[in-house]
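Subject: The structure I promised you

Hi,

Here is the structure I said I'd pass on.

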Amino acid sequence: MVQALSYIPAHSEDTAATGPATAALLQRLGLESFPARETLFVRIDQLIVPEAGQIARSARRLAKSIQHIGLLHAPAVALLQGADIHDDNATFEVIAGRRRVLAAHLAGLTSIKCEVYRASTPQLSSLIALVENEQRSAAWVKEVEALRRLLDEKVGLTLDDLVAFGFDRAGLAERLKVAQLPAPLVERALAGDMNRETARKLVRLTQTQQECIARLAEAGEEITADVVKRALRAQIDNGFAPIQEQLAQGWSAPTPSASANLSSYPCSQPAPVSDGDERDGYSSTHIHCTSSPLSALLIALRDFEQSDDYRAAPMTMRMLTTALIQQVQICLRTASHT
Amino acid sequence: MFDFPKAIPVPRGCGEREPGGIYIECGLSDHGLPLEAFLVDPPLPIPEGLDLINKSQLWQRTMPSGEPALDVWEQPIYDLLIWIGAEFYPYCPDFIEEVRRFGASRRLNPNLDLSLLSRASRMILAHPSVLNTQWQSQRPPRACDKAITGHAGTPGQDEENDGSDEWDDGEQDEDEDVLGEVYEDASARSTAIAQAYVPTLPVAVSAAMHTGPCLFKMWELIPQEVVQTIIALDEQHAETASLPLCLRAVGSTVYQYHPTGESPTGLVPGIFATLPITGFALIRFADGSVNEKARAKVVAGIESHDSQALPFYETDR
């Protein structure tokens, strides 16, 4: 619904004044007041992007959509060098919107609209970055709304179409799933009655579970994070039921036929051991304390492993020897507990 | 502290243990059960809604009735859900064979509340390619090491097939002779050793008798192309074609398998094992210290679980 902004006072008392809390915050940041700010078009070559290398990859993706649509949100920058923010030779450090600036550069833009601060300190820069993220924190709801509208209009839009346009697949896939939730749940999200974390858990529910929660929403119940978490928990527990049943019954004993078979492949009686000499992971205890044919075999293989023949042997032979040593070791261990 | 089973600190498929890390272990013991007792066959699908990929997490165990499962001290039991990534273990047998030889050792996020884990806890392991959706169109595996009816044909057929490469009492002397003889050259010895493993294709079972999907089919589905060594075996069985013996090395593990050449497509994520936990290993930094945050959590676990607590040890590797 379109509403004339004149209905909302431009400066209500609680937003216009610098309250004591804000004043205290500024004092802690070493400032008397917020520095002066103007919205200006700034040439890209005047902008310094800290740690650009770290964000280059994601910026390239964003560049695609900037090429088509333009830069919709002005980055915040602060004067770094120069007499004045209007100085043609001034340079500015990007405080918030580094990825957007880099993407604009990659998209071929030569100047962009920025919120330009006359001065800044590292503390203030951090605060501005924090405020900007706070202002954008509800953006996911707008994305869900837009996606829902596109879905409702049945334009046949796919995730691949949007990724090709420059959207991040993982992020958008999640919003798309939120947009595809039953209508009462989407309405809750769009109304701001559901946080993002709750929405993310909702999309992990099966359709049946989602519909159950949707009925609760329709009945006017509050869809809290706890409600969704409980439903998800129950669903996953249900999936674990066969394992839980096994665990409740204790470990299944090996079958007699498997127990008797000491050398089938893969060895059916493992329960590896670790006591004794851990040279190369093998226990020498078993090698020397028993005279079984398997022990003799292991000794022979070990001797061969130490011989010149082994060193001269092709890789195939050496690998086969290692495989056999490991297999015999497993069988010996098996023999020790049967 | 008393001695307890530990994993063997060899280089693994996922690399060597890192200083400062905390690792949860399923150690090795002469007194333990066979690994097969802890394998889940058929593998289970990962419960819908569980976000497990690369995120180890604690999960409170519940009884089938929905009530919390309690240990002998009436404490709730928490299991550890662990994802075994395909980047280090492309095939599930890579990990299983490593555990069989060296025990399990998995690095944990020290931010997890490790004090919740006790002796009753288990590692519940999942792999991205372990649940075989194509099993009905494939041959049954040569053997099901859990001997589940229908996985590898009828029980009678299982016995018959397994006899081809067993070292049972009757064959042991012969095998020993083969392997103990001094060969003039390495390749002759190689062939002789390889022949001890001559496998055959399983006898076909009718679709009605074939159940699955069997975990042990995973070995046969590893493509021949991904191995380090292939040994072509002499045709010994005129009626059934023999399969090549392949050796695959992952970390310190070298294991053998016989690929059937069937396509490994159709493998999806699943749960394949529920290993017992024998303790924690804290890997020392160069200065001899360990991750104190992690240590504090396992110590807290010892205090709260008393005799059911999991032990820990400090080690250089």
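Let's start with chain B: of its 317 residues, 47% are buried (a residue is buried if 20 or more other C-beta atoms, placed from the backbone, lie within 10 Å of its own). Before going on, note that this is a predicted model, where local features need pLDDT of at least 70 and side-chain atom pairs count only at pLDDT 80 or more, while totals for chains, interfaces and linings use all residues. Residues are numbered from 1 along each chain as its sequence is written, and chains are lettered from A and ligands numbered from 1 in the order in which they are written.

Chain B has 12 strands and 6 helices (DSSP runs, numbered from the N terminus: H or I with at least four residues for helices, E with at least two for strands). Take contacts in chain B between residues at least 6 apart in sequence: 77% of them join residues at least 24 apart (a contact means C-beta atoms, placed from the backbone, within 7 Å).

Now find strand S10 of chain B, residues 267–276, where 8 of the 10 residues are buried. Which strands pair with S10(B)? Strand S2 (residues 39–45) of chain B runs antiparallel to S10(B), with 3 bridges, and strand S6 (residues 122–132) of chain B is also antiparallel to S10(B), with 8 bridges. Pairing needs at least two bridges found by DSSP. Leu44(B) has Ile271(B) as its bridge partner, and Ile124(B) sits opposite Thr274(B).

Next, the largest nonpolar core, which has 112 residues. A core here is a set of buried Ala, Val, Leu, Ile, Met, Phe, Trp, Tyr and Cys residues joined through C-beta atoms within 7 Å. Those touching the most other members are Leu185(A), Val328(A), Met123(B), Leu125(B), Phe272(B) and Phe280(B). Helix H17 (residues 315–336) of chain A gives the largest share, 10 residues. A second, separate core has 25 residues, including Val77(A) and Ile85(A).

Last stop: helix H12 of chain A, residues 225–249. Its 25 residues should span 36 Å at 1.5 Å a residue, and the end C-alpha atoms are 34 Å apart, which agrees (the expected span is 1.5 Å times one less than the number of residues). Among the buried residues of H12(A) are Val228(A), Leu232(A) and Ile236(A), and their cover includes helices H10 (196–202) and H11 (207–218) of chain A.

Cheers

Definitions and conventions: Buried ≥ 20, exposed ≤ 12 C-beta atoms within 10 Å, placed from the backbone. Contact = placed C-beta atoms within 7 Å.
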